[in-house]
Amino acid sequence: MELIHMSKVCEICGKHPVAGRNISHSHRVTNRMFRPNIQKISIKEPNGHVRKANVCTSCMKAGKVVRG
């Protein structure tokens, strides 16, 4: 199991890497990670300040953050 670094976690929804398995056609099983698409972007906070934040692309597309 891989350690979860804060740079891999969405600051809006908390989405983070999840462990899973690759299963081939011959049913050979290997471990894998499902990693969210995290981008470091400038966001505008409700108090008007602009700062950098790690945000997943699904939160950006859903309009959960205001780009700064």
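## Arg51 and its surroundings

Leaving out residues up to four places away in sequence, Arg51 touches Glu11, Ile41, Ser42, Ile43 and Glu45, where a contact means heavy atoms within 4.5 Å. This is a predicted model, so local features need pLDDT of at least 70, side-chain atom pairs count only at pLDDT 80 or more, and totals for chains, interfaces and linings use all residues. Residue numbers start from 1 along each chain as its sequence is written, and side-chain values use heavy atoms, with hydrogens and water left out.

**Strand S4: Arg51 and Asn54**

- Arg51 lies in strand S4, which covers residues 50–56; strands here are DSSP runs of E with at least two residues, numbered from the N terminus.
- With a relative accessible area of 33%, Arg51 counts as partly exposed (buried is under 20%, exposed is over 50%, partly exposed is in between, using a 1.4 Å probe and protein chains only).
- The Arg51 side chain makes a polar contact with the Glu11 side chain at 3.0 Å, and another polar contact, at 2.4 Å, joins the side chains of Arg51 and Glu45.
- For such a polar contact, two N or O atoms sit within 3.5 Å; within protein, one must be able to donate a hydrogen and the other to accept it, and residues adjacent in sequence count only if both atoms are side-chain atoms.
- Arg51 and Phe34 are 17 residues apart along the chain, and their C-alpha atoms are separated by 27 Å.
- Asn54 is also found in S4, but Asn54 is buried, at 13% relative accessible area.
- Not counting residues up to four places away in sequence, Asn54 touches Met6, Ser7, Val9, Cys10, Glu11, Ile38, Gln39 and Lys40.

- S1 and S2 run antiparallel and are joined by six bridges; two strands pair if DSSP finds at least two bridges between them.
- Val18 stands opposite Phe34 in S2.
- Most residues other than glycine have a negative phi.
- His27 is exposed, with a relative accessible area of 55%.

**Gly14, before S1**

- Gly14 sits in the segment before strand S1 (18–23), and its 33% relative accessibility makes Gly14 partly exposed.
- Gly14 and Cys56 are 42 residues apart in sequence, with a C-alpha to C-alpha distance of 9.1 Å.

Methods: Helices (H or I, at least four residues) and strands (E, at least two) are DSSP runs, numbered from the N terminus.
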